[in-house]
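Thanks for coming, everyone. Let me put the structure up, and then I'll walk through the salt bridges and the interface.

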Amino acid sequence: MQQQRVSRRRFLRWSLLGAAATSMAACKPQVVEKEVVKEVTKEVEKMVTQVVEVTPVPTKVEQVTIDFWWGWTPEVHVNTLNGVCRRFEELNPDIKVQTAQHEWGPKLLTAIAAGTPPDLSEGGWPGELAARGALLELEPYIANSKTISKESYNQASWDVGTVNGKIYGIPALEQFVYEGQIGSVELYEKEGLKLPDDLPVTLGEAMAQIKTYTRRNDAGDITLLWGDIDRYSLYWYELVVGKHAYNAGAGAYDFSDPLWAEVLRWTGNLYQMLGPDKVDAFHSSFSQWTSVAANSFASGTQAWQSPSGYWEVGETAKTAPGKQFCWYWTPVWENRRGVKCVQTGGHTVFIPKAAKHPDQAWRLIEFLVSPEALKMIFNGSGFLTATRAFLDDPGQVVDFYKYPGLRFWVDSLLQADEVWSEAPGPIPGFAADKWGKAVDSVVLGQATPEQALAELQRLVDEEVANVTKQ
Amino acid sequence: MRLLLARRPALWQWTSQERKDLAKGLLFISPWLIGLVAFTVYPALSSLYYGFTRYDIVQAPRWVGLGNYEQILRDKEMPRVLYNSLYMALIGVPATLLISFLSAAFLNQKMRWRSVLRTGAFVPSVVPVVASAMVWLWLLNTQFGLINSLLKSWSLPSIPFLSSPSWAKPSLILINCWASGGTMIIFLASLQDVPQSLYDAAKVDGANARTCFWHVTIPMVTPAILYNLLIGLIDVFQSFTFAWILTKGGPYSATEFYAVYLYQNAFQFMKMGYASAMAWMLFVVVLAVTLALFRTSARWVYYRGANE
């Protein structure tokens, strides 16, 4: 049998012709009986007009979908925040909220770089992005908002989202109070100590307690770490010495005050006394984070810690049921003995400059800080946000008796002599990392506090200059 | 051989059929080609450009010439980072090669359950890195880890594997050795390729097992040693995953390797230009090491049939 072959060129030619003919046919007016169509159209118009007259047709709501990203991944937080978004959608049928997690990793940065950021994002420090012009300035929105105004938060809360005097982040989702201390009632009483009277007021007292009551086994491993600090938390040290590392007015970091060297020396002495690897080994088994099951407080292997935050109240209730804890003002350096200070800070929400629906994102922000959303977030996640409305009447959101110790934190904002803010500056992540390196070098005896601070100062100055130049 | 490498005519001298064949070939490999260009060539060339700029990912890059490279040379953290990476290269890679080679030699023996043992030795290398890292995290835990529990039961002091600056790198080397199934398989294949006739001839000449090993086995597997050494060095300079998951560069920066520091600069400090320059410096170093190894290989690598 002879096969009839079609050459490829021929096939392509006919295909092209066919496609062109189909396109032209599609563009051509339909051949219909014009008169008939006219009649039918008239009849339909009549009917439609009659229907419209009797039944008002609901105008179709054009729905806009906005993307909202946050960092938390634990199911409890994801479910809570998704629930808040669903409630927002109920109240705002013209907006649909699509949620995702960025885990505070490079995802958000990459999306911003690609020009496809979410419409709204949560983040710890908006400073780095804001300083580089990636975020929308929110002052105009605040000026036109009926829900959020400059009076909605105290200044310390605003500072967290403010860079170079302009607001880029709105405190929301989790932005309350921390930098205190936590003590285990059981372990303190075992040593004949009372709480809160015997909690350390200064770092010197803290050192003395840790030295006296820390226990080890025969191998030298720590079995009871009486107390520990978060040596990488630059913000905590700021409260201890009473100085901001970053001076927003001058636009520079300043570690020249001798007190910085003193607290670094104290930190070095503390860890050299405990053994740096012994402390890390202890925490690899017993986490400092009270949200982690079998953390050091829940397992009764740690009695004291500073800094500490309001979130521990709910977390210890879940991870250490039946155990009692006491929260109190952070210990400070000797020259500040007796100063009651706390810090407000945490998370903000912000709108990237390239967001497609900034207005709708703003409406979601307004809902996130409403009493209804605050209540949902607290009940679901235990997170609080220090809005002025909440502070004026915390009872509308918080059941003080639900978690023992919560009252201290809520009242602390009103009773403190000093309320500090995180005042992030343009390079908070970089500065925090280099602070950690400075602390490590002192702890390991590789540098004196003065040398470590001089190097830190040089690095942050250089980096601030780089960012400013950009 | 020479015939195969005969020079092909230039493209414009090709026949129409040859051009059609080329087009067909390119069409068939186009998915890979597109992927290569989009995900390897373009990013690599971009990073070369970014290396000469101050680029924070968010704002447009600004040309700084060799500024980033100068800064790398002045960076006071670089000596520590390089020390950490060189430690892994000079101690970790030889250790991994040695363990892999000994495992391969052992598994090359005739024994019962040989296939099962070979599979068992190879399995760790196909376990997802994150999963195995989590298992190691618990195995090496100071207070509750299996290894330390055993040490305690023998009245030995516990070892702070991942929490001590002096133990963190050896611990990562241990994990690398455990996951070196791929290296072991290459050695095994190479060992199986050593002709029995060479051993027989050596025995006839009076060689004992030790002499056979040093003068027959080792020379015959030197191509595999060279290959594994090169791949091991390239890998170790890019060490990231285990260090990031297990220690996040700690304790006390003891596992802050070159790739970890590069990642921190790129995505934590938003210094993509600097990180790109670091990546190209790494490329140059790895290239230099590779070329140096190739140069020396003529002296110690024996290619069977090379002189035939």
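**Salt bridges and the A–B interface**

Both A:Arg231 and A:Asp440 are buried. Keep that pair in view. This is a predicted model, by the way. The two side chains form a salt bridge, 3.8 Å from N to O. Over all chains, the count is 28 salt bridges.

Stay on helix H18 for the next one. A:Lys437 lies in helix H18 of chain A, and its partner lies across the chain boundary. That partner is B:Glu256, in the loop between helix H12 (241-246) and helix H13 (258-268) of chain B. The salt bridge between their side chains spans 2.9 Å, N to O. Are these two residues buried or exposed? A:Lys437 is buried, and B:Glu256 is buried too.

Is B:Lys76 buried or exposed? B:Lys76 has a relative accessible area of 54%, so it counts as exposed; the cut-off for exposed is over 50%.

Some of these bridges share partners. Which residues end up in one network? A:Asp433, A:Lys434 and A:Lys437 come from chain A, and B:Glu77, B:Arg80 and B:Glu256 come from chain B.

Let's step back to the whole interface. Between chain A and chain B the count is 6 salt bridges. Another example is A:Glu463 with B:Lys271, at 3.3 Å from N to O. Which elements of chain A supply at least two residues each to the side that touches chain B? They are helix H4 (106-114), helix H5 (127-131), helix H12 (276-285), helix H18 (428-443) and helix H19 (449-469). By class, that side of chain A has 16 nonpolar, 6 polar and 15 charged residues.

Next, the extent of the contact. Chain A contributes 37 residues, and chain B contributes 35 residues. Together the chains bury about 3100 Å². Carbon and sulfur atoms account for 52% of that area.

Start with A:Ser308. A:Ser308 is in the loop between strand S12 (302-306) and helix H13 (311-319) of chain A. Its relative accessible area is 2%, so A:Ser308 is buried. The side chain of A:Ser308 makes a polar contact of 2.6 Å with the side chain of A:Glu312. What else is in contact with A:Ser308, leaving aside neighbours within four places in sequence? The list is A:Tyr178, A:Glu179, A:Gly180, A:Gln181, A:Ile182, A:Trp327 and A:Trp409.

Second, A:Val467. This takes us back to helix H19 of chain A, where A:Val467 is found. A:Val467 has 12% relative accessibility, so it counts as buried. Not counting residues up to four places away in sequence, A:Val467 touches A:Ala131, A:Arg132, A:Pro426 and A:Ile427. A:Glu128 is 339 residues from A:Val467 along the chain, yet their C-alpha atoms are separated by 9.2 Å.

Third, B:Val285. Helix H14 (residues 272-300) of chain B holds B:Val285. At 40% relative accessibility, B:Val285 counts as partly exposed. B:Val285 and B:Tyr252 are 33 residues apart along the chain, and 26 Å separates their C-alpha atoms.

Last, confidence. The model scores ipTM 0.77 and pTM 0.81. Chain B has an average pLDDT of 91, and 96% of its residues score at least 70. Which element of chain B has the lowest mean pLDDT, and which the highest? Helix H7 (residues 146-153) has the lowest, at 90, and helix H2 (residues 30-50) has the highest, at 96.

That's my tour. Over to you.

Definitions and conventions: Residues numbered from 1 in each chain as written. Chains lettered and ligands numbered in written order. Predicted model: local features only at pLDDT ≥ 70, side-chain atom pairs only at ≥ 80, totals over all residues. Heavy atoms only, no water. pLDDT = per-residue confidence, 0-100. Helix = DSSP H or I, 4+ residues; strand = E, 2+ residues; numbered from the N terminus. Contact = heavy atoms within 4.5 Å. Buried area = accessible area lost by both parts, 1.4 Å probe. Salt bridge = Lys/Arg side-chain N within 4 Å of Asp/Glu carboxyl O. Nonpolar A, V, L, I, M, F, W, Y, C, P; charged D, E, K, R; others polar. Buried < 20%, exposed > 50% of the residue type's maximum accessible area, 1.4 Å probe, protein only. Polar contact = N/O pair within 3.5 Å; in protein donor to acceptor, adjacent residues only side chain to side chain.
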